[in-house]
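Dear colleague,

I am passing the structure below to you, and after it I set out what was found. Please read the notes with the model open beside them.

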Amino acid sequence: MEKADKLRILQESVVDHPDFPKPGILFHDIFGILKNVTAFRALRDLMVEYAAMLDVEVIVGLDSRGFLLGPIISLELSKPFVAIRKKGKLPGKVIAQSYELEYGEDTFEIQVDAIKGKKKALIVDDLLATGGTMSAAEKLLTSSGVYVQGCLVVIELKSLNGRSKLNAPLHSLLKYNI
């Protein structure tokens, strides 16, 4: 199946939910992709194809949907998977990076031992909106001596210009203007 066909299948499988989680928001739900085996295979193929072009040693998934996507890439490329989680969710020694939210602040953490010796990473998540979480993950990794080779998302909300907060290249499979 051609790349354009795979992208079309993904696009058709995303379910839009108006006024979620609050009035005026149009939520693009990737779970429609995961429920459709053909779309899920297309997603896997597209993610792995992109990741295989990069020179990476570790796949890093962001809390929480990055945990669904990253391990798929990790297994296909025989690279370890590492999770970046919200504060207080990981045992052992962690390093942290705080970031701004629309109405407050949050913190990401990663286990120190999980990235020890890893120098090149791919960050994976489902969505890039304002770029706060992806940027925080990138800062967390770079402050640990890890070079972020790229960031991969299923959906990018282009009009929010989140990619401007990233230093690493961003690859988004689907783009929406909200």
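Which residue caps the N-terminal end of α3? The cap is Asn-36, which has a side-chain oxygen 3.0 Å from the backbone nitrogen of Thr-38. Before going further, please keep in mind that this is a predicted model, in which local features need pLDDT of at least 70 and side-chain atom pairs count only at pLDDT 80 or more, while totals for chains, interfaces and linings use all residues. Residues are numbered from 1 along each chain as its sequence is written, and side-chain values use heavy atoms, with hydrogens and water left out.

**Helices**

Helices (H or I, at least four residues) and strands (E, at least two) are DSSP runs, numbered from the N terminus, and the expected span of a helix is 1.5 Å times one less than its number of residues. For helix α3 (residues 37-52), with 16 residues, that gives 22 Å, and its end C-alpha atoms are 22 Å apart, which agrees. Its buried residues (under 20% relative accessible area, with exposed meaning over 50% and partly exposed in between, for a 1.4 Å probe and protein chains only) are Ala-39, Ala-42, Leu-43, Leu-46, Met-47, Val-48, Tyr-50 and Ala-51. What covers them includes α1 (3-13), α2 (31-35), α4 (66-77), β7 (120-128), β8 (147-157) and β9 (170-176), where contact means heavy atoms within 4.5 Å.

Helix α4 has 12 residues that should span 16 Å, and its end C-alpha atoms are 16 Å apart, which agrees. Gly-66, Leu-69, Gly-70, Ile-72, Ile-73 and Ser-74 are the buried residues of α4, and their cover includes α3, β3 (58-62), β4 (81-86), β7 and β8. After α4 comes Ser-78, with a positive phi near 55 degrees.

Helix α6 also has 12 residues, reaching 16 Å from its first C-alpha to its last, close to the 16 Å expected. Its buried residues are Gly-132, Met-134, Ser-135, Ala-136, Ala-137, Glu-138, Leu-140 and Leu-141, and just after the helix Gly-145 takes a positive phi of about 85 degrees.

Val-124, in strand β7, counts as buried at 1% relative accessibility. Not counting residues up to four places away in sequence, Val-124 touches Ile-59, Val-60, Gly-61, Leu-62, Gly-66, Leu-69, Gly-70, Ile-73 and Leu-152; among these, Gly-66, Leu-69, Gly-70 and Ile-73 are buried residues of α4. Val-124 and Leu-170 are 46 residues apart in sequence and 10.0 Å apart in space, C-alpha to C-alpha.

His-28, in strand β2, is buried with a relative accessible area of 12%. Its side chain makes a polar contact of 2.6 Å with the side chain of Asp-16; a polar contact is a pair of N or O atoms within 3.5 Å, and within protein one must be able to donate a hydrogen and the other to accept it, with residues adjacent in sequence counting only if both atoms are side-chain atoms.

Thr-107, in strand β6, is buried as well, with a relative accessible area of 11%, and a polar contact of 3.0 Å joins its side chain to that of Ser-98.

**Aromatic pairs**

Rings of Phe, Tyr and Trp (its six-membered ring) pair if their centres lie within 6.5 Å, and planes under 30 degrees apart count as stacked, over 60 as edge-to-face and the rest as tilted. By this rule the count comes to 3 aromatic pairs. One of them joins Phe-20 and Phe-27, whose ring centres are 5.3 Å apart and whose planes lie at 85 degrees, so the pair is edge-to-face. Phe-20 counts as partly exposed at 45% relative accessibility, and Phe-27 counts as partly exposed at 22%. Another joins Tyr-99 and Phe-108, with centres 5.0 Å apart and planes at 45 degrees, so this pair is tilted; Tyr-99 and Phe-108 are both buried.

**The largest pocket**

About 1,100 Å³ of space lies in the largest pocket. Of the 33 residues that line it, the closest to its centre are Glu-102, Leu-127, Ala-129, Thr-130 and Leu-157. A pocket here is an open set of points on a 1 Å grid over the protein atoms alone, where a 1.4 Å probe fits, with protein on both sides within 12 Å along at least five of seven lines, and lining residues have an atom within 4 Å of a point. The largest share of the lining, 4 residues, comes from β7.

With best regards

Notes: Points joined across faces, edges and corners; volume = space filled by probe spheres on them.
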